[in-house]
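Subject: The two-chain model, and what I found in it

Hi,

Here is the structure I promised to pass on. Have a look at it first, and then read my notes below with the model open beside you.

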Amino acid sequence: MREDYLCRIRLMPAPVLSHAATAVLQAVANGHQHGFDVIAVTGLASGTVYPALRRLEEAGWLESRWEEHLVAQRELRPPRKYYEVTAPGEVALAGALARYRSLAGRGRARSRPLRPSRPEGGRP
Amino acid sequence: VTPRRALLPHRWIIHVVSAFIPKRLRTEWRREWDAELSYHEAEIGRWRRPGWRTRLLLMRRSLGSAWDALWLQRRRLDEDPVHDIARACTSDVALDLRHGLRRIVRAPGFTAVVLLTLSVGIGASTAVFSVVRTVLLKPLPYPDADRLVRVVETVPPEETPRGVAEERIVMEAPRLIRWRALTKTLSEMGAYVTAFATISTKEGASRAVVARVSPTLFAVLGARMQLGRSLVAGEERADSRVVVLSADAWYSYFGRSPDVIGRTVALDGAPYTVVGVAAERFDFPSSQTQFWIPLVLEPTGSREQFVSVVARLHPEVSVQEASAEAEIIGHQLANETTARDRAQPRESRYRVQRLQSQMTAAIAPALRLFMAAALVVMLIVTTNVLTLLLSRGTRQRQEAVIQRALGASRSRITRQVMIEAVLLGSAGAAIGLALAYSSVHVLKAMARVHVPELFQLAAQQQFGSASVFPRIDDIGIDAGALTFAVLIAVLASVIAALGPALQIAADDRRSFRGGSLSRPGALSERGARIRNALVVGQVALATTLLVAAVLLIRSFIQMSDAPMGYDPTNVLTFQLVVPSDYSVKRKEALAEELETRLSALSGVDAAGFASLPPLAGGAFAYGIFQPPGKTVPEMMRDPGAPQARAVSRGYLPAMGVRLLDGRWFEGADDRQNAQVLLVTRALAHRYFGMRSPIGVQVHLAPGPRPWTIIGVVDDVHNGMPWEEPYAQFFMDSRQALVALPDMPERMRETAALGFLSYAVRVQDSAGILPHLRSMVRQLDPAVAIDGAMPLREVVSAGMSRPRFYAVWSGLLAIIAAVLGLTGVYATVAYATLRRTREIGIRIALGAQRSTVLRLVLSHGAAVAALGVTVGLGWALLLSRYLTGMLFGVTATDTTTYGIVGSLFFCVTVGGSFLPALRATRIDPVAAIRQE
């Protein structure tokens, strides 16, 4: 099943996951669901993370939802928007990670290595 | 519900950026960013106290939203393009634009006044800015121009001829040679001397401006050649006859022939081989320079050879370091080379100055002053437009209150006001640019000086250019000026729009607090106070400018009336160019013959020639003037030692020089008879005090025979009228030829005949020119006349700088005054309009018309009095900046201050007369009914 998807993704001309987008997707997959959390975890600039989030959402690999109003109200702050990885998104992430890892293995990746992700639900 | 927070910088950024998000996504976008920011703020607050570091972090985070916004722009295209265009046309901004345009068109009178005001301000300041930018800000057209420097020597007053401190850029050749060897901060030092040479062509003789330059000068300036090469190091020898042509000379003497290299040019009779043609725009040291030939520096000081120096700084050296070194080298050389006639070294006598700042040193303060004046005009324009917008605001404010009640947001209303103002501003900028474009032409025409180079040498020495400012051809409305105009237009309109916008905002707050909605205009007492303050400021600024302008204009008038020692009206001046291979005898005979024939022409009162014309500065040396009782070394140390010119018999009468005592030169004063001199009043005063010098015998060392003083003439200015005249004496040109028997023939000829500069006193100087030309042709076809023009024009060209100051400051001041006046008018008129009801009631209760008149006029008078007083105070504070530009008037001249102050006060009070008159005609019934 997974193999099929991978095949299809590899054949898809666009969008190709950039290094930054992969990092963002991975951060969301690891439970950092809000924009600023992703920024904090990946160390990327906000000007990179937000467009990446929008692009991933456009590609259908992320979904966004608004926080429960009551939750926010309890904490006296406006409701935040959070992002979740969709099933195709998970597949894409796995594919992208494999690709970048192989690139790194061959020593051709020039970009910054991905940061180690925090355990599930971990908050800074 | 979100708790309302203060608008912190990062929130403000989001606020601004959200304006660029496609409208469909905007609300959600802002909610997301706001939520994240406030969550983060709270989170940070929980851990540590929010300091500037966290604020900076949040700001950096929120700045990323700009990229987000940029990325989201493509979502704009997601929709159907046709609908998109339709939506764009009906979008808020487009609506506001249309609304603004409609409002502008609906009030043509108001619009015209605002546009006129704006365009005049923008035009004037852009024109002045384009000059300032080219002259002061743009680097000179040489590679690495900011490393080009001059060595400047500040000569203390006691060592200068006129007793005024001078800045010299020249040095003796031996000193330059030593300096070159000693310096470690200057990589190259180039020297040059401007000279004139006679060129013999097939059409006859003509005169050309030749620069003798040391070959390094080309390297220093990084000059490019369009053909051949520049001069090279080995050519600094007396026998190397090579020449580099200017692009202009290449055209006029060789018709742009490509095989010009290797051909010869005869300069002063000697053949020079052309080795190169300079690039089109290379015009150092002046735009009239046509030939560059090698300058031979004489290492021994047998004859004082002064050269101007341009140097290039070593790459890692600062101007300060080079100056420090110059101070050391300068003193060291002064001690070893010219210890004979120099006083003790003084503090910081030598320094290194950037070439550009040296060239503009004389004009820079004036240009800065003009820029400041133009910006002041712009400030007045801005406040004027602000007042105009405010005074129109009543209806707009009522409209705004209604719009607000109907649900328009405050930002939307503010934007509408801003858009209208920016519309007006851009229209004003467009007209202003057109104005600036044409006024730059006028400005350039006024600043350009059309006189032969000979008359420009003095000005060039002093100012680095003969015209009012250097690099006049480069001045124009370029991208920089354009940007400037747009910038000030936008700035002015936004500032002006702030007035009504703030007013509307204030109304808004008030109306929500339950204030009166029906007559918002009646409430703003503070608004009235602000308007009054603005007008006081305008009047004050205008007064300051007026004082400055009147001072400059009076100074110019003083200067034009200043006695020059000769009468330039009805005098034609020209130089006779004789082929250089003619013998001295033949030249002298020619010159004398022409003088005789000219004098015989009908309409000519007198004619004669001199070795150098007036206004050319400088002088030839005929020996050291030695009055009785003085020794030669004493006179050599005397910095005010007299200058001299050799003149023909008819010259001084033709120039209109007055004889104060004694007699003129006569026919008998030729080379066989006793040698005689005429001296000027300054000379007589300097060396003979109260005694009459007539009959006194003096010596011109080392000449053996004595000279007898036969007459005293008025002081003749050889420079600008604002300079003190030198002590001078005149000798008969026939005797000058034999005065210095030791001198080589060529040098004696130069001293006696020199430029053969003629002066012809004639009523109709234009009418005589054809006669003159044919007469010269008859006399000798190989001889030519050069630089024929009325002396009046030469004198007037010499005064172009003060005239320029006077005219431009006058123009700016008049603009400022008119604007200030309209400001007073608008404010008083508006205030009266607002008080219509009150005045109506007063009249109904029996107030006299005169009382009403006084009521309104006193408002205008108070504003005017305060403004004028403040303005005079400012003028007094700023007067020291004017001092250097004035002649015959002090910068704190009480008469000027008094007259300008009282006149402008009267005029501004007059500005409130019209509204006052209108107020007296108010119909009480209509006024009370009006609501």
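Let me begin with a glycine in chain B. B:Gly754 sits in the loop that runs between helix H23 (745-752) and strand S22 (757-762) of chain B. Please keep in mind throughout that this is a predicted model. The glycine counts as partly exposed because its relative accessible area is 25%, and the buried class takes in values under 20%. Leaving aside neighbours within four places in sequence, B:Gly754 is in contact with B:Ser611, B:Phe620 and B:Glu749. Its C-alpha atom is also 9.8 Å from that of B:Gln575, a residue 179 positions away along the chain.

A second residue of chain B to click on is B:Thr920, in helix H30 (residues 913-920). Is B:Thr920 buried or exposed? Its relative accessibility is 8%, so it counts as buried. A polar atom of the B:Thr920 side chain lies 2.5 Å from the backbone oxygen of B:Leu917. Beyond four places in sequence, B:Thr920 is in contact with B:Ile843, B:Arg849, B:Val852 and B:Leu853.

Now to the aromatic rings. The count is 21 aromatic pairs over all chains. One of them joins B:Phe370 and B:Phe804 edge-to-face, with 6.3 Å from centre to centre and 80° between the planes. B:Phe370 belongs to helix H13 (residues 364-405) and B:Phe804 to helix H26 (residues 800-834), so this pair ties together parts of chain B that are 434 residues apart in sequence. Both B:Phe370 and B:Phe804 are buried. Elsewhere in chain B, B:Tyr142, B:Tyr192, B:Phe218, B:Phe282, B:Phe284 and B:Trp292 make up one aromatic cluster.

Next, chain A. Its secondary structure consists of 6 helices and 2 strands, in the order α-α-α-α-β-α-β-α from the N terminus. Of the 124 residues in chain A, 40% are buried. Among contacts in chain A with a separation of 6 or more, 62% are between residues 24 or more positions apart. Helix H2 (residues 19-29) of chain A is mostly covered, with 9 of its 11 residues buried. The buried ones include A:Ala20, A:Val24, A:Leu25 and A:Val28. After this helix comes A:Gly31, which has a positive phi, near 100°.

How do the two chains meet? Between chain A and chain B, about 2200 Å² is buried, 55% of it on carbon and sulfur atoms. A:Phe36, A:Arg54 and A:Trp66 supply 30% of the area that chain A buries against chain B, more than any other three residues. In terms of contacts, 22 residues of chain A touch 24 residues of chain B. The rule finds 5 salt bridges across this interface. One is formed by A:Arg54 and B:Asp68, whose closest N and O atoms are 2.5 Å apart. The elements of chain A that give two or more residues to this side are helix H3 (35-42), helix H4 (46-58) and strand S2 (81-85). H4(A) gives the largest share, 7 residues. Sorted by type, the chain A side has 9 nonpolar, 5 polar and 8 charged residues. A:Arg54 turns up again in a network of salt bridges that links it with A:Lys81, B:Glu28, B:Glu32 and B:Asp68.

Finally, the salt bridges within the chains. Over all chains the count comes to 40.

- A:Glu67 and A:Arg77 form a salt bridge, with the closest N and O atoms 2.8 Å apart. The two are 10 residues apart, in the loops on either side of helix H5 (69-74) of chain A, and both are buried.
- B:Arg11 pairs with B:Glu41 at 3.2 Å between the closest N and O atoms. This bridge links helix H1 (residues 9-17) to helix H2 (residues 23-47) of chain B, and both residues are buried.
- B:Arg415 pairs with B:Asp96 at 3.4 Å between the closest N and O atoms. Helix H14 (residues 410-447) and helix H6 (residues 92-106) of chain B are linked here, the residues being 319 apart. B:Arg415 is partly exposed, with a relative accessible area of 30%, whereas B:Asp96 is buried, with 2%.

Happy browsing, and do write back with any questions.

Best wishes

Notes
Residues numbered from 1 in each chain as written. Chains lettered and ligands numbered in written order. Predicted model: local features only at pLDDT ≥ 70, side-chain atom pairs only at ≥ 80, totals over all residues. Heavy atoms only, no water. Buried < 20%, exposed > 50% of the residue type's maximum accessible area, 1.4 Å probe, protein only. Helix = DSSP H or I, 4+ residues; strand = E, 2+ residues; numbered from the N terminus. Contact = heavy atoms within 4.5 Å. Buried area = accessible area lost by both parts, 1.4 Å probe. Salt bridge = Lys/Arg side-chain N within 4 Å of Asp/Glu carboxyl O. Nonpolar A, V, L, I, M, F, W, Y, C, P; charged D, E, K, R; others polar. Polar contact = N/O pair within 3.5 Å; in protein donor to acceptor, adjacent residues only side chain to side chain. Phe/Tyr/Trp six-rings, centres within 6.5 Å; stacked < 30°, edge-to-face > 60°.
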